[in-house]
Amino acid sequence: MINESKKLREKTQQEIEKQKLLFNADRSKTEGIIFDEQEENIQVKDEIKDLLDSQIDDPSVKYDLYYKCVESIFRDYLPKGESSALIREEKCTFLTGHRLGNNGIRGADSRQDTIADMRELLTLLHDWLGRGANPFDLYTTLVEENERRGYGKPE
């Protein structure tokens, strides 16, 4: 009789726990509290939902930045050959954060980098064009920037 009563209480406790889990399953785990000092109030805001509602990535903008801007500048101002390949390697490292491995695999695609990084590269290219568009100057600028970002030195 005592064992049956104990089992019944355990079963009831398990049911209560299940009901709590099910009840809380739909509640947001991403809510943040925002203190508005000017209005002197507190707001609860679902931060993840706000991120998902905003457009994080725009493929057409990335395409334009990469092909119509970055690559256009590289085609128009860089010489053909080995020096261009070295500069393009630094450009890819800048955009991906990865150096080309010994196996020839980078593990990332520079065309898929963030819009912000592409715009930063365009700023560097714009400054470079203003300094006379010397390919060696661009190479050293990109190498220094990649080292500053912790991407390592070229081999």
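One convention before we start: a crossing is left-handed if the near helix is turned anticlockwise from the far one by less than a right angle, and right-handed if clockwise. This is a predicted model, so local features need pLDDT of at least 70 and side-chain atom pairs count only at pLDDT 80 or more, while totals for chains, interfaces and linings use all residues. Residues are numbered from 1 along each chain as its sequence is written, and side-chain values use heavy atoms, with hydrogens and water left out.

**The whole chain**

Color by secondary structure and you get six helices and two strands, in the order α-β-β-α-α-α-α-α along the sequence. Helices (H or I, at least four residues) and strands (E, at least two) are DSSP runs, numbered from the N terminus. Of the 155 residues, 25% are buried (under 20% relative accessible area; exposed is over 50%, partly exposed in between, with a 1.4 Å probe and protein chains only). Take contacts (heavy atoms within 4.5 Å) between residues at least 6 apart in sequence: 50% of them join residues at least 24 apart.

**Stop one: α4**

Select residues 82-96, which make up helix α4. How far apart are the end C-alpha atoms of α4? They are 21 Å apart, which agrees with the 21 Å that 15 residues should span at 1.5 Å a residue (the expected span is 1.5 Å times one less than the number of residues). Now show side chains: the buried residues of α4 are S84, I87, E89, E90, K91, C92, T93, F94, L95 and T96. Their cover includes α3 (59-77), α5 (115-130) and α6 (135-148).

**Stop two: α3 against α5**

Keep α3 and α5 on screen. They pack at an angle of about 25 degrees, with axes 10 Å apart; axes are lines fitted to C-alpha atoms, for helices over the stretch in contact, and angles run from 0 to 180 degrees between N-to-C directions. That makes α3 roughly parallel to α5 (under 35 degrees; over 145 is roughly antiparallel, 65 to 115 roughly perpendicular and the rest oblique). The crossing is left-handed. On the α3 side, select V61, K62, L65, Y66, C69, V70, I73, F74 and Y77, which meet I115, M118, R119, L121, L122, L125, W128 and L129 in α5. By class, this contact has 15 nonpolar, no polar and two charged residues; Ala, Val, Leu, Ile, Met, Phe, Trp, Tyr, Cys and Pro count as nonpolar, Asp, Glu, Lys and Arg as charged, and the others, Gly among them, as polar.

Zoom in on L121 in α5. Is L121 buried or exposed? L121 is buried, with a relative accessible area of 0%. It touches V70, K91, F94, L95 and L142, leaving aside residues up to four places away in sequence. Pick its C-alpha atom and that of Y66: they sit 9.9 Å apart, though 55 residues separate them along the chain.

**Stop three: α5 against α6**

Select E120, L121, L124, L125 and W128 in α5, then their partners P135, D137, L138, T141, L142, E145 and R148 in α6. This set divides into seven nonpolar, one polar and four charged residues.

Finish on E145 in α6. At 12% relative accessibility, E145 counts as buried, and it touches F94, E120 and L124, again not counting residues up to four places away in sequence.
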